[in-house]
Amino acid sequence: MNPTCRFCNAPLEVSFADLGMSPISNDYVAPEHYAAMEPFYPLHAYVCGNCWLVQLVDFEKAENMFSDEYAYFSSYSQSWLAHAERYASKMIAAEALDANSLVIEVASNDGYLLQYFKQAGVPVLGIEPTANTAKVAFDERGVESEVAFFGRATAERLRDRGIQADVMAANNVLAHVPDINDFIAGYPILLKQGGVANIEFPHLMRLIEQRQFDTIYHEHFSYLSFTVVRRMFADHGMRVYDVEELPTHGGSLRVYIAHQNDTTRPDTAAVAAMLEAERAAGLSDLATYQRFSDAVVDTKLALLEFLVAAKREGKTVAAYGAPAKGNTLLNYCGVKTDLVAFTVDRSPHKAGKFLPGTRIPIYSPDRIDSEKPDYLLILPWNLKDEIMAQMAHVREWGCAFVTPIPTVQIHP
Ligand SMILES: [Zn+2]
């Protein structure tokens, strides 16, 4: 097998992180399937030495992964909803959006974001491949969706129906796209001349700095720097003209994209500053990527040392949350119920199931109060402030919070 870069087709030869064999991290195991086998696939990220795109090698079609059983509903995170509401207010003001505008969100999920535009009287359309989340968007929030994967064909179909967007949003979807060139090719077609597209994605620079290797999972094909994203859109006639850093998902970027020839939106100073920050962080140096593997092993050992020491002291450890990243972490570290007894999750779509691979049971959060563990390992560490505030009462029985990334840390 000679894998090639999903953007530029150069041969992929340099390993970034080899996390071994892992199950699909959103394939939560229902009780009736507990006795069944589950498939494991190699979870190995490479960096392209030509364009610097960090990526997984293809292993399974996306259509098989984002099925109707896909359990992720954006609206279960309060901080993510607040983030969406702030974005909507900002864009409505900045772009003077009104009843004659159209906001399209790519991967609109359950309408968590578009609902805020709709409430302000701005017409919206979601594009969402998962039929059950699109149905929730309509039934609960009145947000209509085109049930489809986004790409050139979907963009052309909508444009031919007279649909083009003043604002296009896409949060945490670019990384999930197997055919990244086809996806980006949809932008010049579906964005109105003079419109703006925003894309948010976890920033590779932070992933490396903060050792966020658990954000590597099979649904997540690409790990993106600003430099790469700007180059990819330029290849498709679009210009990234501004960038903001966001605290979401451990450090994300929100980029602003216009048609290449849109003179009303000149490049801001932030563009040059971000390109320079990435260069200074070594993102144009192969050795930076090659060193990451050692950091990953170091973080694994620290977590195992903590869990083993807790076990030897007779302390109990439960986890909080059942995010995809938790499944990468636990499978890579080989942690099972002997070290982490159970986890809890607020989503009713996850509680009652088991984590893939590790088969750690997922309960609803009240299980924490009945079991009173000594440690609560926060798997969605990007939401640790929110979770530590919500669960502050566990300190009454001496329970301490633990975060695993960048390295294990106890928060008494
Ligand atoms: Zn490449």
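Let me start with a detail: which residue in the turn of the S10 and S11 hairpin has a positive phi? The residue is His249, with a phi of about 55°. Five residues lie between the two strands of that hairpin. Strand and helix names here are DSSP runs numbered from the N terminus: helices are H or I with at least four residues, strands are E with at least two.

Some ground rules. This is a predicted model, where local features need pLDDT of at least 70, side-chain atom pairs count only at pLDDT 80 or more, and totals for chains, interfaces and linings use all residues. Residues are numbered from 1 along each chain as its sequence is written.

Now confidence. pLDDT is the predictor's confidence in each residue, from 0 to 100. The chain averages 94. Of the residues, 96% score at least 70. The stretch to watch is 67-71, where pLDDT stays under 50. The model still gives that stretch nine contacts beyond four places in sequence. A contact means two C-beta atoms, placed from the backbone, within 7 Å. Where pLDDT is low, the predicted coordinates should not be read in detail.

Next, the overall layout. Domain 1 covers 74-284 and domain 2 covers 300-411. Those bounds come from an automatic or database domain assignment. Taken over C-alpha atoms, the domain centres are 31 Å apart. At the boundary, 14 residues of domain 1 are in contact with 13 residues of domain 2. The domain 1 side of that boundary has three nonpolar, eight polar and three charged residues. For that count, Ala, Val, Leu, Ile, Met, Phe, Trp, Tyr, Cys and Pro are nonpolar, Asp, Glu, Lys and Arg are charged, and the others, Gly among them, are polar.

Strands pair if DSSP finds at least two bridges between them. Seven strands form an open sheet, ordered S6-S5-S4-S7-S8-S11-S10, with mixed pairing. The edges are S6, at 145-146, and S10, each pairing on one side only. At the S6 end, S5 (124-127) runs parallel to S6, joined by two bridges. Gly126 stands opposite Ser145 there.

At the other end, look at S11. S10 and S11 run antiparallel with eight bridges. S8, residues 191-202, is also antiparallel to S11, with six bridges.

How many of the eight residues of S11 are buried? Seven are, so the strand is mostly covered. Buried means 20 or more other C-beta atoms within 10 Å of the residue's own, exposed means 12 or fewer, and partly exposed is in between, with C-beta atoms placed from the backbone.

H9, residues 226-234, has seven of its nine residues buried. Among them are Phe226, Val228, Met232 and Phe233. Arg230 is on the buried list too. The cover over those residues includes H6 (180-185), S10, S11 and H10 (269-280).

H10 itself is hardly covered: one of its 12 residues is buried. Its length checks out. Just after H10, Gly282 takes a positive phi of about 85°.

On to another sheet. Six strands form an open sheet in the order S14-S13-S12-S15-S16-S17, again with mixed pairing. S14 (362-363) and S17 (409-411) are the edge strands. S16, residues 400-403, pairs antiparallel with S17 over three bridges. Within that pair, Thr403 has Gln409 as its bridge partner.

Ser364 sits between S14 and H13 (366-371). Ser364 is partly exposed, because 14 other C-beta atoms lie within 10 Å. Beyond four places in sequence, Ser364 is in contact with Val344 and Ala351.

Lys336 lies in the loop between H12 (324-333) and S13 (343-344). Lys336 is partly exposed as well, with 15 other C-beta atoms within 10 Å. Lys336 and Ile360 are 24 residues apart in sequence, yet 6.3 Å apart in space, C-alpha to C-alpha. Past its neighbours within four places, Lys336 is in contact with Thr358 and Ile360.
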